[in-house]
Amino acid sequence: MAKVKGTHHVVSASLTGTGAPAYLKSDGSWASTLSEAAPFHSPEEAEARAKTADRSDQRLVCDPYTFTVLLADGTPQPISERERIRAEGPSVRVRRPD
Amino acid sequence: MYQYDTYDKTLVHQRAKQFGGQVERRLSGETTELEFKPLRLQNGLYMQLHAYMLRVAIPYGLLSSEQMRTLAHIARKYDRGYGHFTTRQNIQYNWPKLGEVPKLLEELADVEMQAIQTSGNCIRNTTSDPFAGVAPDELEDPRPYCELIRQWSTLHPEFAFLPRKFKIAVTGTPDHDRAAIRYHDIGIRIVNNDAGETGFQIWVGGGLGRTPFIASVVREFLPYEHLLSYLESILRVYNLHGRRDNKYKARIKILVSELGVEKFTEEVEADWQHFKEGAMKLTREEIDRVRKAFAPPDYEQLPDEDLRLQAQQLSGDRAYAQWLKNNVRSHKQPGYSIVVLSLKAKDTPPGDVSDTQMDAIADLSDKYSLGHIVVTHQQNLVFPDVRQKDLPELYQALAKLDMATPNFERVTDAICCPGLDYCALANARSIPVALQIAERFENIDYQDDIGPCSVKISGCINACGHHHVGNIGILGIDKHGQEAYQLMLGGCESDEASLGKVIGPAFSQDEVVDALENVLRKYVEVRLSEDETFIQCFRRLGMQPFKEAAYASDQG
């Protein structure tokens, strides 16, 4: 994966119990919010952490993968619309009004 | 409607219990996601962007009021208080927890419902005409055959791991296809032959997705008793020759295209000669047994009402008159009508219904429609058996539920997939585009002036929103990490089937509804008369005038 200047990489997965997004923290545990994710400088390091998580945390999470972020005040911000919506939830009302 | 027998009941309960064990082993870490995934998929459980998603089968779209109440209960107890009716007559729940799904499936099994084969590379829910059994132009009710196909295909050992998913649709109205049979892996059309006998015309190789195809006829007339044996031969040829090396070339449409329809048909016919007189041959007794479940109810003997007069008598209630004109259709039984409940109200994702609305729909169906509800592939609901004298009262009740929007087959009756708001495969959001269209064209007079025009929106090339066959299709794409939308014109899913063509470069989300409106303004300007529909006008004039209109910066 080519490195784009100024970008970092985070590891994400889905929690096995709920399917909710989970983000790998620097201590190896999983957070429910992107802001707590550990940003990795190199895509290779992030990929390696994702592979490790796929083996060691397979009970807790499913299908770890990496994606690219920008840091704003040290906090990861998604670049793609997909990861923004995944982190924030659906952009539309999630229930038809009664 | 069909009632489960002992075999059906045992099967669905056993399956729920079996899945309970599989879930338990997954949650304990005994099995990995890689091992569990094919098991959960064959029970309709997907992993989406924010959560699991469970797709529940609604065979040929038909629900009893009791089943609808259970769907409401499930939305309340296991989800976030709503469900989403899909473009294949099913319902999806967007937020179930894995550990609770087996119990959910048990509750579904109690009302003869399940999620078996709603995903995975197997034969999916058979779909049909939402007006089946009550349409005045119907040759024969297709639902008994759909039910036979359901029974035959459920856990069929030979077809559990096909090269790719497989979808079948059946229509009993040869001259008005409301089931989009030409876009299914197999489309079945009930027809009469020259001798006046009833049988099936068989279409194969249709489909949408990244490589859309209109199906071809492989058999002009198939006697009724051979339905299942012939389907087996088609599936067997596909199972043998369909590609498994490339999922994008694995659907039967690619096989039919690569082999050629003549060669494919030869293979099917050759296989069928070995099996046509075998165990799959249907007897008249067996067909009659299933048909009995769909026998017409004891309709009251009523005169047809003058609906226009009825509207006038309600002191010129325009909204009611518009609803009567657009959402109420003719019934085969005098004094009765078919009513379409619009799930396309402004500010609401197409197809979404809350738990309390589902309960209310169930109650209304008991009161006004003999306890039956049909889900349409256009993401609406149908009350198939409404006494015409009850229409004013039903209208008032539906209006309170926000389900009386008089937009059936109008521009705001857009169907759309969940898109990037929910779907892990999507490239762009589709629901916000549908909501923008609903807002822009809210004025029903404006929509009535435009007339029948289907709008179909997909958030990616997989085409769950059927964008290829919308008179106007919208396809969400990813353009350098940002959402963009291609506009397509000229699609049609019915008898004069055609695939839409991309109009040109993609639009941003801010631009796409303007472009759509510009196209429709051009149509209103250039149509020969109000009787010339958008699709007829497009076919007469071609793409150019509409393309110019779409890219005009401002038509004022």
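At what angle do the axes of helix α6 (residues 227–241) of chain B and helix α8 (residues 261–275) of chain B cross? Select both helices in this predicted model and look along the place where they meet: their axes come within 8 Å and cross at roughly 125°. Because angles over 145 degrees would count as roughly antiparallel and those from 65 to 115 as roughly perpendicular, α6(B) is oblique to α8(B). The crossing in which α6(B) passes α8(B) is right-handed.

Now show the side chains at this contact. Coloured by class, the contact of α6(B) with α8(B) shows seven nonpolar, three polar and four charged residues.

Rolling a probe the size of a water molecule over the atoms shows where empty space is left. The count comes to three cavities of 30 Å³ or more, and the largest cavity has a volume of about 130 Å³. To find the largest cavity, select Gln114(B), Ile116(B), Asn125(B), Arg150(B) and Thr154(B), which are the closest to its centre of the 13 residues that line it. By class, the lining of the largest cavity has four nonpolar, seven polar and two charged residues.

From there, turn to an open space, the second largest pocket, whose volume is about 810 Å³. Centre the view on His176(B), Glu409(B), Pro452(B), Cys492(B) and Ser494(B), which lie nearest the centre of this pocket among its 35 lining residues. Then highlight β11 (328–330), β17 (455–458) and α17 (534–541) of chain B, the elements that give two or more residues to the lining of the second largest pocket; α17(B) gives the most, with three residues. The lining of the second largest pocket divides into 13 nonpolar, nine polar and 13 charged residues.

By class, the contact of α16(B) with α17(B) has seven nonpolar residues, no polar residues and one charged residue.

Technical notes. Residues numbered from 1 in each chain as written. Chains lettered and ligands numbered in written order. Predicted model: local features only at pLDDT ≥ 70, side-chain atom pairs only at ≥ 80, totals over all residues. Heavy atoms only, no water. Axes fitted to C-alpha atoms, helices over the stretch in contact; angles between N-to-C directions. Helix = DSSP H or I, 4+ residues; strand = E, 2+ residues; numbered from the N terminus. Parallel < 35°, antiparallel > 145°, perpendicular 65-115°, else oblique. Left-handed = near helix turned anticlockwise from the far one by under 90°. Nonpolar A, V, L, I, M, F, W, Y, C, P; charged D, E, K, R; others polar. 1 Å grid on protein atoms, 1.4 Å probe; cavity = no way out; pocket = protein on both sides within 12 Å on 5 of 7 lines; lining within 4 Å. Points joined across faces, edges and corners; volume = space filled by probe spheres on them.
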